[in-house]
Amino acid sequence: MENEETKMTEQDCRYCGGQLEERRVTRFQEYQGHWVVIENVPALVCQQCGEIYFTPQAHDLVVEYITGQHKPVRVESVEVYDAAQ
Ligand SMILES: [Zn+2]
């Protein structure tokens, strides 16, 4: 996973056994009651079922962003609905 040249990995999807592909995805993460969106997070995506796997490095990156260690590129308000009401 350290090798940038390797596009296809040796790993298989743990749900369907499909091949995993390195992609950049948008991650939505709730943190202390509000949502943070992080674009272009490196991830492994199953070509068959679409399951997304984050590497420990990507997880650390996400933690850095949600805990406010970087300046956001833009700020958007989010509409929230409660389907139970
Ligand atoms: Zn899969």
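Glu39 is partly exposed in the predicted model, with a relative accessible area of 40%. The side chain of Glu39 meets that of Arg74 in a salt bridge, with an N to O distance of 3.1 Å. This pair links distant parts of the chain, since Glu39 lies in strand β3 and Arg74 in the segment after α1 (56-66), 35 residues apart. Arg74 is likewise partly exposed, at a relative accessible area of 46%. A salt bridge is also formed between Arg74 and Glu76, whose closest N and O atoms are 2.7 Å apart. Glu76 has a relative accessible area of 55% and therefore counts as exposed, the cut-off being over 50%. Through shared partners, the salt bridges join Glu39, Arg74 and Glu76 into one network.

The whole structure contains 3 salt bridges. One of them pairs Arg23 with Glu21, with 3.6 Å between the closest N and O atoms. Both residues are classed as partly exposed: Arg23 has a relative accessibility of 42%, and Glu21 one of 23%. In general, side chains of opposite charge can pair when their charged atoms come close.

The protein comprises 1 helix and 4 strands, arranged in the order β-β-β-β-α from the N terminus. Of its 85 residues, 21% are buried. Among contacts with a separation of 6 or more, 40% are accounted for by residues 24 or more positions apart. The accessible surface amounts to about 7000 Å², and carbon and sulfur atoms contribute 48% of this area.

Two residues were examined for their backbone geometry. Most residues other than glycine have a negative phi. Gln32, although not a glycine, has a positive phi of about 50 degrees. Gln32 is placed in the loop between β2 (19-31) and β3 (34-46), and its relative accessible area of 66% makes it exposed. Asn40 also has a positive phi, near 60 degrees, in a residue other than glycine. Asn40 is found in strand β3, the strand that also holds Glu39 of the salt-bridge network. With a relative accessibility of 48%, Asn40 counts as partly exposed, because the class of exposed residues requires over 50%.

Conventions
Residues numbered from 1 in each chain as written. Predicted model: local features only at pLDDT ≥ 70, side-chain atom pairs only at ≥ 80, totals over all residues. Heavy atoms only, no water. Helix = DSSP H or I, 4+ residues; strand = E, 2+ residues; numbered from the N terminus. Buried < 20%, exposed > 50% of the residue type's maximum accessible area, 1.4 Å probe, protein only. Contact = heavy atoms within 4.5 Å. Areas by Shrake-Rupley, 256 points an atom, 1.4 Å probe, with all protein chains shown as cover. Salt bridge = Lys/Arg side-chain N within 4 Å of Asp/Glu carboxyl O.
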